[in-house]
Amino acid sequence: MKKLLKLAVSALAVISMFVQPLKASSVELIGAGATFPYPLYSKMFDVYNKEHGIKINYSAIGSGGGIRQLMAKTVDFGGTDAFLTDKEIREMPGSAVHIPTCIGAVVFAFNVPGVSELNLTPDVIAGIFLGKIKKWSAPEIRKINQNVKMPDINIVVIHRSDGSGTTFIFSDYVSKISNEWKNSVGTGTSLKWPCGLGAKGNPGVAGLIKQIPGSIGYVELIYALSNKIPFACVQNKSGIFIKPSLLNTSIAANVELPDDMRVSITNTNEKNGYPICGFTWIIVYKEQNYDNRPFEKAKELVNLLWWITHQGQRYTEALHYASLPKEAVVKAERIIQSITYNGKPIIK
Amino acid sequence: MALKKTSKKQEIKKVFSKDPGPWNFYSRAGNKYFLMDWIFKKILFISGVSIFFLVLMIFIFLVLNSMPSIKEFGFRFFLSKSWDPVFEKFGALPFIAGTIFTSFLALLISLPFSLSISLYLGEFSKSGFFSGFLKNSIELLAGVPSVVYGFFGMFVLIPIVRYLEIKFNIEPYGVGIFTSSIILSIMIIPFSASLGREVIELIPQDIKEAGYSLGSTRYEVIKRIVLPYAKSGITAGILMALGRAIGETMAVTMVIGNSNVMPKGLFSPANTMASLIANEFTEAVSRIHLSSLIEIGLVLFIISAVFSIMGKIFIHKFSITENG
């Protein structure tokens, strides 16, 4: 027994050498979550650090991880590409609010020999991704691409294999245009795919598309633009074929927005809007006094959110993200004003 | 005289067997290094024990966190073919099948190569420039990061396999079970080859010479003496390699096609357990999705443990034949 005790004491001594006391610093904010807005966030947080002297650590571990860490209260804010469902909101330990930060679009990259421009309609998209249209020479595709000679080869669908906000936006769109998709596949960051091959991340999808003639897949607009990957025009709700661009993406968000900003803007009613895009959000707790957080930290967090939705927006375009439209900023302002400390609003 | 000797021996034994701790080390027959010795021994002991607790804690963590999924799906989890994160119906069969197909196929492909390499290095060319060069190359193969193998697969193997598939008139994806198995077989060759070589080198020279003296050819010596003698060691190496193939993630993810369905054939896209976890873990928000992924981790943990234990048993068996 005595021997065991001695052993335990020495073990404790060894372990204690490696454990550093966790000290909360009032001027450091920690966030985790979505990888999709990471390039923008890292630019914004770098500038904010220089301007305001507040250090912000954001780890791009994925939306799911960000939400889990916020639930465990190990981070000050979480980043996510898919807003929390009602069920998930109920599972959160406290009331949480969504603040939109920018808009991203999802485009179709393809590798069809001899084809450099491709038009797609909602029906064709649903048909291809449900595995019903199997050949590029199918009449449905030829009808909308009359200037192009479509080769008689099989279509290979490439999708994301990792859970992703990009998949969420894509599946949200297809669920809106196809009832069959909605009932059999649904909307989510990971799906039960009816057909096709999976690849990890935007580079994985783009790489596989390059390797397999006849393939089509979806990637983020920023990825396609910065790597000069050709992408397809998509017919929107108004019947116009839209070439995806930052402008068309921003226009798509000019729709009626709910007060909590948990909104999907896919399949927009706007005449010149690109139909496959969505907000990305930062999630924080509405009541900031939890786990003995100092008021300064809450105040710095709110200031940061305000800055991201206002001054910070000027960094979006350069990094190929679409900025928030005016109405979204107004809604975001109200949400930020609703954040409290001990029940009192932090900024007015 | 003899009596005196034993008593002295017993005295020494008495001093060292009772361990009163470091505080009265001056009484230890003037051995001033005793304290150091004591500390050193304890550090080693603690390190050893902590590894055991680490493994135990990982196991407990996996079991606890997969409880929601175990309760929800029970044994159906292993029989269901559907993996549907949207409607939250989870079954692991496609991934268990994918893992086992790719690993065993990889083993089958790598076996002739690793066996030839270990025979060549252990029996034919034990030293010399070329043999050293070969040994180093194999070690290098073991040290290449798996993502590099993934790139190799993506940019070199996929076009080749696609070409084959077009020749055989199969849907030309280029990715799938076959491609992953080839990548895996290259990755596991170093493991089975080095262990096999070491075992073959250990075979006593006199036994082989006895074989030659009876007029055996070299081939006969290898077939009748070397291989049976090294059998357990080679098998242990194979099992270790299998453990590596089962757990490999990145390289497989890049070339397997990540289709969460039952593999239909040699060339069909599929997915493995490790690859699925790596893919979906970061974005799994719902409790049951996360818990199902962790349960897959638990299955992976148990399968790896089983193969590792089987390897140990074979090595143990080998050491007995060596002594006896």
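**Close-up 1. A salt bridge links A:Lys87 to B:Glu88, with 3.9 Å between the closest N and O atoms.** A:Lys87 belongs to helix α4 (residues 86-91) of chain A, while B:Glu88 sits in the loop between β1 and β2 (89-90) of chain B, so this pair joins two chains. A salt bridge here is a side-chain nitrogen of Lys or Arg within 4 Å of a carboxyl oxygen of Asp or Glu. Side chains of opposite charge can pair when their charged atoms come close. Both partners are partly exposed: A:Lys87 has a relative accessible area of 44%, and B:Glu88 has 23%. For these labels, buried means under 20% relative accessible area, exposed means over 50%, and partly exposed is in between (1.4 Å probe, protein chains only). Helices (H or I, at least four residues) and strands (E, at least two) are DSSP runs, numbered from the N terminus.

A quick word on what you're looking at: this is a predicted model, where local features need pLDDT of at least 70 and side-chain atom pairs count only at pLDDT 80 or more, while totals for chains, interfaces and linings use all residues. Residues are numbered from 1 along each chain as its sequence is written, chains are lettered from A and ligands numbered from 1 in the order in which they are written, and side-chain values use heavy atoms, with hydrogens and water left out.

**Close-up 2. Here is where chain B meets chain A, with 39 residues of chain B in contact with 42 residues of chain A.** Contact means heavy atoms within 4.5 Å. Together the two chains bury about 3200 Å², and 58% of that is on carbon and sulfur atoms. Buried area is the accessible area (1.4 Å probe) that two parts lose on being put together, summed over both. How many salt bridges are there between chain B and chain A? The count is one. There are also 13 residue pairs in polar contact between chain B and chain A, with both residues at pLDDT 80 or more. On the side of chain B that touches chain A, at least two residues each come from α2 (34-73), β1 (83-84), α5 (146-167), α9 (250-255), α10 (273-280) and α11 (287-323). The largest share of that side, five residues, is supplied by α5(B). A polar contact is a pair of N or O atoms within 3.5 Å; within protein, one must be able to donate a hydrogen and the other to accept it, and residues adjacent in sequence count only if both atoms are side-chain atoms.

**Close-up 3. A:Lys331 and A:Asp259 form a salt bridge within chain A, their closest N and O atoms 3.0 Å apart.** A:Lys331 is in helix α13 (residues 326-337) and A:Asp259 is in the loop between α11 (246-252) and β11 (277-285), so the pair ties together parts that are 72 residues apart in sequence. Buried or exposed? A:Lys331 is buried, at 12% relative accessible area, whereas A:Asp259 is exposed, at 56%. Another salt bridge pairs A:Asp260 with A:Arg262, at 3.3 Å between the closest N and O atoms. A:Asp260 is partly exposed, at 34%. Elsewhere, salt bridges with shared partners join A:Asp76, A:Arg293 and A:Lys297 into one network. Over all chains, the structure holds twelve salt bridges.

**Close-up 4. A:His98 sits in strand β4 (residues 96-111) of chain A.** At 2% relative accessibility, A:His98 is buried. A polar atom of the A:His98 side chain lies 3.1 Å from the backbone nitrogen of A:Leu84. Leaving aside neighbours within four places in sequence, the contacts of A:His98 include A:Phe83, A:Ile89, A:Trp281 and A:Ile335. A:Asp260 and A:Arg262, the salt-bridge pair in the previous view, are also among the contacts of A:His98.

**Close-up 5. Helix α7 (residues 165-177) of chain A has 13 residues.** From first C-alpha to last, α7(A) reaches 19 Å, close to the 18 Å expected at 1.5 Å a residue. That expected span is 1.5 Å times one less than the number of residues. The helix is mostly covered, with eleven of its 13 residues buried, among them A:Phe168, A:Phe170 and A:Tyr173.
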